Amino acid sequence: MRSADPLEPEVLAALEAIDATLEGEPVDPEHAELAELALILRAERPVPDEAFLARLDRRVGERFVEPARPSRPWMRRWWAERRGLAATALAAAAAACIAVAVVVSSNGSSLQVVNRTPHGTAASSGSGSGGGGAARSAGHGAGATSTSSGGAAGAASGAGSRNAPPVGAAGTGASGGSAATSARSSAGTSSRSSGRQLSTRAPAAPTTRGRDITQSARVGLQADPGRIAGVAQEVFDVIGAEHGDVLSSHVSETAGAPGYATFSLQVPAARLPATLDRLSRLPHARVLTREDSSADITSRVDNTAAALAGARARRRSLLRQLAATADPTAATRLEREAARALAQIDRQQAALQRLRHRVADSTIAVTVSSPPVVHHRPHSASGGFTFGRALHDAGRILVVAAGVALIALAVLVPVGLVVAFCAWVWSLVLRRRREGALDPS
Amino acid sequence: MIASVIHRPDTGTEGAWARFEALYRESRRDLYAYVCSLLGDPSAAEDVTALAYERAYRRRRTFDRRRGEERAWLFGIARNAALDELRRRRRVATLAAEPPDEQLTGPEDGAEVALRRTAVRAALAGLTARERELVALKFGAGLSNGEIASVLGRSETGVSTFLYRTMNKLREACDAER
């Protein structure tokens, strides 16, 4: 009700007379005419048809149920009674969708795969490496970076085996072997790389009957982070056991980063298959890549040997001429030529020695790397369940939930205000239109 | 089976239903009189009256007693329905335009009374639509001034003053007719 302003006594008296008349009470004779008018107006009011009232009574008795469409009133009733609940459920569903979207997006960005390739890892073999490693959590590592170089290990290599002629096993089906037999001075190479463990069989060796064959290999190993130093020691042990030499080595291990190690090894050619076999079976490493190479240098060895024999024959001839001559000038010239022949003999002997070393000893380049490191968020760096981690995660969930709620409010509140304003404006417009129906057209 | 389902009392809403039924019983004739006065068409008034009760039944849970009495709430619903009907038909009801209902003038009425009634009908025809609506709410529906104010969304004082002026206008028109 609106607050009542004071009415003039005359107006108040007239209104009270009208009300008294309608209630059947007597009125002041002063308002007799007004009372008569009120009675006539009351008597003039439209009266409903009794048949209509009977129909309306029946519909009300049936609670306005329409037999022809029983489902519609039920749906209307359901909607009318649960409109608020449905709106709440709708808002909750929207908020849940937003929350799921935010959580999913945050989870998607929480894991960062860092793929760091150590120096030289399978790069020389031209094949990809390290792809098969599963993502693992980082955070291990021994802390300091250790670097060592030199050929300290493998000092126990037997000298007797160094000059042994290359003896290869009867290789079958290897590309290196077939290449070696195709032509003189030809070279064969076979490489294998895989993200999984390679076969640990010994590499196929070229056929070397009566020929000078050099052999080399590259092996790419993968070890877990923190085991690089251990694997390096295993490599040293293998080379020592096979009477080889470590020409150079480099081991790098840093906390929180994938370590790596590189080795330049030399083993007797006869022990190359066994060495590769043992390197492939290291307890804490997996073979990622392996490349076997061979080259036939028989012609070079023969040429060098022939040149050496020629130089020796020439020197012997020069020495005979020097013994037979009496001319001092000729003797001086022959001595210089004999000296040059001797130097040539030394060079040819050295070259032949190097070639024979290449045939007698095989080189192996070994690279050890760790798989790509997965960096979790700082709090989840280490695995396992702890009460502190659970509390931390719970706190993060609450923070995310509060953020989602804030975002939802930031969206829903303005939308709700706009909707409420539109509804208010619409009600005003509708009211004005309805009131306009009473205005003269 | 269907009838039993339809008439089965809903224990949760039985109180609201009982109140609605009581409101219906006491207001159905008044509501029809108001709507018929507003529309000037008995047939349309029947439809709008039924529609108003159906809407009130559907919205019975939304009724807030703090905002007024149930009777004023019901007449507000009926008024909106009647105004929508008027807008739809683009016609303003004119009570005087309706042919005089012969049955309203009973044979027992004297000539003086008949003359008075004729004069009142003619005076009603001279009123505006809003004045006729006010007369319908007051004398057709029998609402108090406070209830009328609630239905029209005006102050009770304003309604009282408006009613006083309308009655004076009617009286002067009747006097002029005689």
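Tutor: Gladly! Keep in mind that this is a predicted model. Let's start with helix H7 (residues 145-152) of chain B, where seven of the eight residues are buried.

Student: What makes H7(B) largely enclosed by the rest of the structure?

Tutor: A residue is buried if 20 or more other C-beta atoms lie within 10 Å of its own. Seven of the eight residues of H7(B) are buried, so the helix is largely enclosed. The buried residues are Asn145(B), Glu147(B), Ile148(B), Ala149(B), Ser150(B), Val151(B) and Leu152(B).

Student: Why are H3(A) and H3(B) called roughly parallel to each other?

Tutor: The axes of H3(A) and helix H3 (residues 42-58) of chain B cross at roughly 20° and come within 11 Å. Angles under 35 degrees count as roughly parallel, and H3(A) and H3(B) are therefore given that name. As for handedness, H3(A) passes H3(B) in a right-handed crossing.

Student: Which residues make that contact?

Tutor: From H3(A) they are Phe52(A), Leu56(A), Arg59(A) and Val60(A), while H3(B) supplies Glu46(B), Ala50(B) and Tyr53(B). By class, this contact has five nonpolar, two charged and no polar residues.

Student: How many residues are in contact between chain A and chain B overall?

Tutor: There are 39 residues of chain A in contact with 50 residues of chain B. On the side of chain A that touches chain B, two or more residues come from each of helix H1 (9-22), helix H2 (32-43), helix H3 (50-61), helix H4 (71-110) and helix H10 (387-436). H2(A) gives the most, with seven residues. That side of chain A divides into 24 nonpolar, 13 charged and two polar residues.

Student: Now a strand: how do you know that E7(A) is mostly covered?

Tutor: Count its buried residues: in strand E7 (residues 286-296) of chain A, 11 of 11 are buried. For chain A as a whole, buried residues make up 27% of its 441 residues.

Student: And what makes strand E4 (residues 213-222) of chain A a partner of E7(A)?

Tutor: Two strands pair if DSSP finds at least two bridges between them. E4(A) and E7(A) have 10 bridges, in the antiparallel sense. Leu221(A), for instance, stands opposite Val287(A) in E7(A).

Note on methods. Residues are numbered from 1 along each chain as its sequence is written. Chains are lettered from A and ligands numbered from 1 in the order in which they are written. This is a predicted model: local features need pLDDT of at least 70, side-chain atom pairs count only at pLDDT 80 or more; totals for chains, interfaces and linings use all residues. Two residues are in contact if their C-beta atoms, placed from the backbone, lie within 7 Å. Helices (H or I, at least four residues) and strands (E, at least two) are DSSP runs, numbered from the N terminus. Ala, Val, Leu, Ile, Met, Phe, Trp, Tyr, Cys and Pro count as nonpolar, Asp, Glu, Lys and Arg as charged, and the others, Gly among them, as polar. A residue is buried if 20 or more other C-beta atoms lie within 10 Å of its own, exposed if 12 or fewer, and partly exposed in between; C-beta atoms are placed from the backbone. Axes are lines fitted to C-alpha atoms, for helices over the stretch in contact, and angles run from 0 to 180 degrees between N-to-C directions. Angles under 35 degrees count as roughly parallel, over 145 as roughly antiparallel, 65 to 115 as roughly perpendicular and the rest as oblique. A crossing is left-handed if the near helix is turned anticlockwise from the far one by less than a right angle, and right-handed if clockwise.
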